[in-house]
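Subject: Handing over a structure

Hello,

Here is the structure I promised to pass on. Please have a look at it first, and then read on for what turned up.

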Amino acid sequence: MLTPLRKALKWVGILLLVLFVGFLGSRVWFAQSGAPLEPWHTFVPEEMTVAELDEADWAAYLAREDKLFSDVTREVVQKLPEDERIPSNRYFSGSIVYPPSLTHDWNRSYEMVPVGEPAGAVVLLHGLTDSPYSLRHTAQRYLAAGFVVVAPRLPGHGTVPAGLTEVEWEDWLAATRLAMREAAARAPGKPLEIVGFSNGGALALKYALDALSDDKLARPSRLVLISPMIGITRFARFAGLAALPAWLPAFDKAAWLGIVPEFNPFKYNSFPVNGAVQSHRLTRALQASITAQARAGKLAELPPALTFQSVMDFTVSTRAIIDAFYSQLPANGSELVLFDINRNTKLGPLLRATSYSALMRLLPPLPRNFRTVIITNEDSGSDQVVERSIAAGLSEEVVRPLGLSYPLDVYSLSHVALPFPSSDSLYGSAPDPKENFGLQLGAMAVRGERGALIVSLDALVRMSSNPFFPYMIDRIAPPVSTAQAGTPENAASASSAP
């Protein structure tokens, strides 16, 4: 005779089994429907292994990268099916978004070297599915301040989306170590900073934590984290299950969470299951490192962290940045900058009530061990923004006008918007016409009927540039050095790459 508890467990087990079978069925259905896999979904370039990365120098990494891009040209670009030779395909050599034909191919790793003695060095780490393009404006500002800039293309990125189907997060961290070795050698004894965006923010912090216990790793003097991926959605924990049907060749599309046209020259649109799995593994390893170093009493040795984060972020967990990281920090000079929603937007009546209270739900009680800054409207009836700051250990708020305004038709920033100024030629709302990157994705006013575009409206409606970038970049980079020749206008002349 089954006890009530055993009966309940039996029915729970049956329910879970039914849900699991239904989930697998949906993945099989996905594999049998929709767009087919294209060459950029099936050809996997051969990246360096962790062991090779740890032995290699920057020149060796660039040499392998040259081979990767040659392989992509041979196996993808030159073998492109006739029906994919269209103006919006980044892998068609005649398209308007073919990277080698643009003002500069920012998919590749690059260094920028100032004229004269460097003031320091900085490593820039881009995000998942991204490329070194995302931090190019930050790079130019550091160059103008006299810093050597090292910006690696992380393994699996910049080539074809299939590159992310076999990569592991340890590969990204090994590439981070290589870039830091290069940067430290370029400016010995000088400030050594590391800037990470999104997934790159997780790598930057993981490296800095590892350096606390490994004397062979050059310690950064400062961390700058932009929308850092310290925690992501719970779905990623189980994302690997979504790829189970892909073990059978007939269902190989199940290895992808999204198969989307590749119209962006510097970012993948298609997303493999493995990308979500590796990001989740990285965040778990990162949070374990934070906890371990906190218990060992070593977080006081961590360089000060300056973090910029939108209160509204669909990609990463803003709460995890505070709960899993900042709440663990001793008073070491760290700072958290939060970009609030627009409390004066004309879309205000359409915002969820929880959006208005999100900010207050995030922050722990005062006093805090870190400086807190809120970039928000001067008041609910003004588009002018102010900086509301509270110093570490204090409770008094200081308000400073910034001379910047929140656009009335923008209700919040987004995960992807922060590192791009409004003038960015690809993502900016007022793109600089001097550069050609094929499309001006951030300046498109999307109006029309559904179903007409080759992409979802989400890709075009999401805020893709930061109206407060002037404030952010002034906080990130050192003052411009008059002794150096590296301004954004003439960065190319002072650089070894772009």
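Predicted model: local features only at pLDDT ≥ 70, side-chain atom pairs only at ≥ 80, totals over all residues.

Residues are numbered from 1 along each chain as its sequence is written, and side-chain values use heavy atoms, leaving out hydrogens and water.

The overall build
The protein chain has twelve helices and twelve strands (DSSP runs numbered from the N terminus: H or I of at least four residues for helices, E of at least two for strands). Of its 498 residues, 53% count as buried (under 20% relative accessible area; exposed is over 50%, partly exposed in between, with a 1.4 Å probe and protein chains only). Taking contacts (heavy atoms within 4.5 Å) between residues at least 6 apart in sequence, 74% join residues at least 24 apart.

The cores
The largest nonpolar core holds 74 residues, and Trp-172, Leu-205, Leu-302 and Phe-325 have the most contacts inside it. Such a core is a set of buried Ala, Val, Leu, Ile, Met, Phe, Trp, Tyr and Cys residues joined through side-chain atoms within 4.5 Å. Helix 6 (residues 169-186) gives the most to this core, with nine residues. Beyond its neighbours within four places in sequence, Leu-205 touches residues including Leu-223, Ile-230 and Leu-286. A second, separate core of 50 residues includes Val-97 and Phe-469.

The salt bridges
The whole structure has 28 salt bridges (a side-chain nitrogen of Lys or Arg within 4 Å of a carboxyl oxygen of Asp or Glu). One of them joins Glu-435 and Arg-136, at 2.8 Å from N to O. Glu-435 lies in the loop between strand 12 (397-405) and helix 11 (458-461) and Arg-136 in helix 5 (residues 136-144), so the pair ties together parts that are 299 residues apart in sequence. Arg-136 is buried at 1% relative accessible area, whereas Glu-435 is partly exposed at 23%.

Within helix 4 (residues 58-77), Asp-71 and Lys-67 sit four residues apart, about one turn of the helix, and their side chains meet in a salt bridge of 2.9 Å, N to O.

Enjoy exploring!
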